[in-house]
Amino acid sequence: MSMSSFGCNGWVISYEELKKICPKEINDIESDIYFNKIGWGELARSIAFEDKDYIVDSIYEEVSDEKVESIYENYVSLVENLCKSFNEKTDLRLEFDYYNDEEGGRYDTVENEDGCVFSVVGMTILSPAGEKLKDIVQFSNWTQFG
């Protein structure tokens, strides 16, 4: 690990497993008119780093400055709906993080969807809810550039 990177770890659920738990909310995000331009990676960066510019930079050629804020707020709302639904169905908390394959370490094994890491909080000491998902949620380690 170089001086410009740091180790990360956490309980991570794959996109495929998350979609089984919250199919409607995943579909709501992916069917948004701008999602094909933004993708999971830029959405994750924007949410995890609380910086709308990652979304804005993906769609700046298509929208006016006046619409940018409402588009960002719509994605924040869609992600909040996904996290709320996940919590209601599992009693665990879903958080977004970002992973860049090119900047990470060669031994990283973090499950991600286009750079979006779906972290699950509440798994460390297996709660009854965590015990139910222990076979589909994995604890991962990766390197983050920064």
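Lysine 84 pairs with glutamate 88 in a salt bridge, with 4.0 Å between the closest N and O atoms. A salt bridge here means a side-chain nitrogen of Lys or Arg within 4 Å of a carboxyl oxygen of Asp or Glu. This is a predicted model, where local features need pLDDT of at least 70, side-chain atom pairs count only at pLDDT 80 or more, and totals for chains, interfaces and linings use all residues. Residues are numbered from 1 along each chain as its sequence is written, and side-chain values use heavy atoms, leaving out hydrogens and water.

Lysine 84 and glutamate 88 both sit in helix α5. They are four residues apart, about one turn of the helix. Helices (H or I, at least four residues) are DSSP runs, numbered from the N terminus. Both residues are exposed. Exposed means over 50% relative accessible area, buried under 20%, and partly exposed in between (1.4 Å probe, protein chains only).

The structure holds eight salt bridges. Three of them are listed here.

| Salt bridge | Closest N and O atoms |
|---|---|
| Lysine 52 and glutamate 69 | 2.3 Å |
| Arginine 93 and glutamate 95 | 2.7 Å |
| Lysine 84 and glutamate 88 | 4.0 Å |

Lysine 52 forms a salt bridge with glutamate 69. This pair links distant parts of the chain, 17 residues apart. Lysine 52 lies in the loop between α3 (35-48) and α4 (53-59), glutamate 69 in helix α5 (residues 65-90). Lysine 52 counts as partly exposed because its relative accessibility is 30%. Glutamate 69, at 35%, is also partly exposed.

Arginine 93 has 45% relative accessibility, so it counts as partly exposed. Its partner glutamate 95 is partly exposed at 32%.

Technical notes. Helices (H or I, at least four residues) and strands (E, at least two) are DSSP runs, numbered from the N terminus.
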